[in-house]
Amino acid sequence: MDEFLQRESIVLAPFEAHHLDGAVALSRAAGWAHRREDWKMIWSLSEGRVALAGDRVVGTALMTPFGDTCSAINMIIVDESQRGRGLGRKLTTAVLELAGNRECRLRATSDGLPLYEKLGFVTTHKITRHQGVTGRVDAPANVEWIGSAALPAIKALDRAAFGADRDALHDVLAKEGAFAAIRDGDGIVAFAATRLFGKGEVVGPVVAANAEQARDLLAFILSGKEGRVVRVDIPEDSGLSSPLEEWGLRNEGGVVAMVRRAGARPHTPAVQTFSLASQAVG
């Protein structure tokens with residue numbers, strides 16, 4: 001066993017269902033908004049590791065696979081009493097091993113950035129979080145709610161935008177929330193998902209060909225949520241911050257999107273993905 005883990009009486013173990021309550025307590029102590037339901041959804045799609053001090057969960061990390069080619073590394077938390085001792089690196093390394101040869105994507109705070117750079121991650125872009133109580137928003141006429149019959153089209157559009165298979169994620173989102181879409185004739189050309197999350201709701205992923213489509217999707221969803229707390233994460237350069245602030249969702253700062261390639265050529269999306277949906281799995 002690793003000397004560090006022996007000295008601290010901490011062991012790494014597979015993340016199992018009975019660890020969920022401990023993970024929720026850990027994230028609440030860290031100031032995260034995740035409910036037990038949010039943890040359970042992410043865990044159901046993932047493999048992970050927990051750090052245990054006796055029976056107490058003092059660290060977590062998850063790897064959410066998207067088919068055989070891509071994954072999201074998420075839910076990396078270390079108890080305050082254990083920080084600065086290398087446990088975050090050990091947890092991250094453990095879930096990177098679970099990812100195998102997949103490309104790995106994650107979102108980094110300024111505190112985590114140096115670690116992820118040492119582990120081979122490079123920055124791709126910045127992400128801005130908007131959250132607040134939604135004001136009055138007019139619904140555009142070109143957007144509509146769609147049912148589960150449209151899932152094959154949603155999945156195909158998402159694969160073209162994201163560059164990997166997130167079918168399992170969309171199956172869960174269809175059960176947990178709802179999809180809105182823009183059609184061109186009989187075909188779906190843009191969509192957004194929304195579901196309960198934390199103290200309110202979250203919108204994402206949003207897949208659209210341009211900022212105008214993305215703005216219409218967001219306006220449509222928010223038009224039915226006046227007075228509710230909603231979170232939306234967007235690429236910093238998307239041009240969507242101003243309307244979101246006008247609708248009541250204030251800018252709460254950002255994180256950095258990072259990727260560790262698996263020897264494959266970078267994916268060039270066929271359509272723009274305005275929200276990469278890490279908030280849907282983390």
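1. Let me start with strand β4 (residues 70–78), which holds M75; helices here are DSSP runs of H or I of at least four residues, strands are runs of E of at least two, and both are numbered from the N terminus. M75 is not a glycine, yet its phi is positive, about 55°. As background, most residues other than glycine have a negative phi, and most peptide bonds are trans. M75 also counts as buried, at 3% relative accessibility; buried means under 20% relative accessible area, exposed over 50% and partly exposed in between, with a 1.4 Å probe and protein chains only.

2. A word on the ground rules: this is a predicted model, where local features need pLDDT of at least 70 and side-chain atom pairs count only at pLDDT 80 or more, while totals for chains, interfaces and linings use all residues. Residues are numbered from 1 along each chain as its sequence is written, and side-chain values use heavy atoms, with hydrogens and water left out.

3. Next, a peptide bond to look at. The one from G204 to P205 is cis, with omega near 0°. P205 sits in strand β10.

4. Now the cores. A nonpolar core is a set of buried Ala, Val, Leu, Ile, Met, Phe, Trp, Tyr and Cys residues joined through side-chain atoms within 4.5 Å. The largest one has 23 residues, and V203, L217, L218, V232 and L244 make the most contacts inside it. At least two residues each come from β8 (177–184), β9 (187–197), β10 (200–208), α8 (211–223) and β11 (229–235). Of these, α8 gives the most, with 7 residues. If you click on L244, you'll find it touching H130, L218, L222, V232, I234 and L249, leaving out residues up to four places away in sequence; contact means heavy atoms within 4.5 Å.

5. There is a second, separate core of 21 residues, and V78, L91, A99 and C104 are among its members.

6. For C70, the nearest cysteine sulfur is that of C104, 7.8 Å away. Looking from the other end, C104 has the sulfur of C70 as its nearest, and C104 is in no disulfide either. Both are buried: C70 has a relative accessible area of 2%, and C104 has 1%.

7. On to the aromatics. The whole structure has 5 aromatic pairs; rings of Phe, Tyr and Trp (its six-membered ring) pair if their centres lie within 6.5 Å, and planes under 30 degrees apart count as stacked, over 60 as edge-to-face and the rest as tilted. F15 and W39 form a tilted pair, because their planes are at 35°, with the centres 5.9 Å apart. F15 is in the loop between β1 (10–14) and α2 (20–29) and W39 is in helix α3 (residues 36–44), so this pair ties together parts 24 residues apart in sequence. F15 and W39 are both buried. Y116 and F121 pair edge-to-face, at 6.1 Å centre to centre and 70° between the planes. Y116 is buried at 9% relative accessible area, and F121 is buried at 2%.

8. A charge sits over a ring if NZ of Lys or CZ of Arg is within 6 Å of the ring centre and within 35 degrees of the ring normal. R105 has its charged end over the ring of F162, 4.1 Å from the centre. R166 does likewise with F66, at 5.9 Å from the ring centre.

9. Which residues of helix α7 (residues 167–176) are buried? They are L169, H170, V172 and L173. Viewed down the axis of α7, these buried residues fall within an arc of 160°, so they line one face of the helix; the arc is that of the directions from the helix axis to the C-beta atoms.

10. Last, V57 in strand β3 (residues 56–66). V57 is buried, at 7% relative accessible area. Neighbours within four places in sequence aside, V57 contacts H19, G22, A23, L26, V50, A51 and L52. The C-alpha atoms of V57 and S9 are 12 Å apart, while the two residues are 48 apart along the chain.

Key:
Disulfide = S-S within 2.5 Å.
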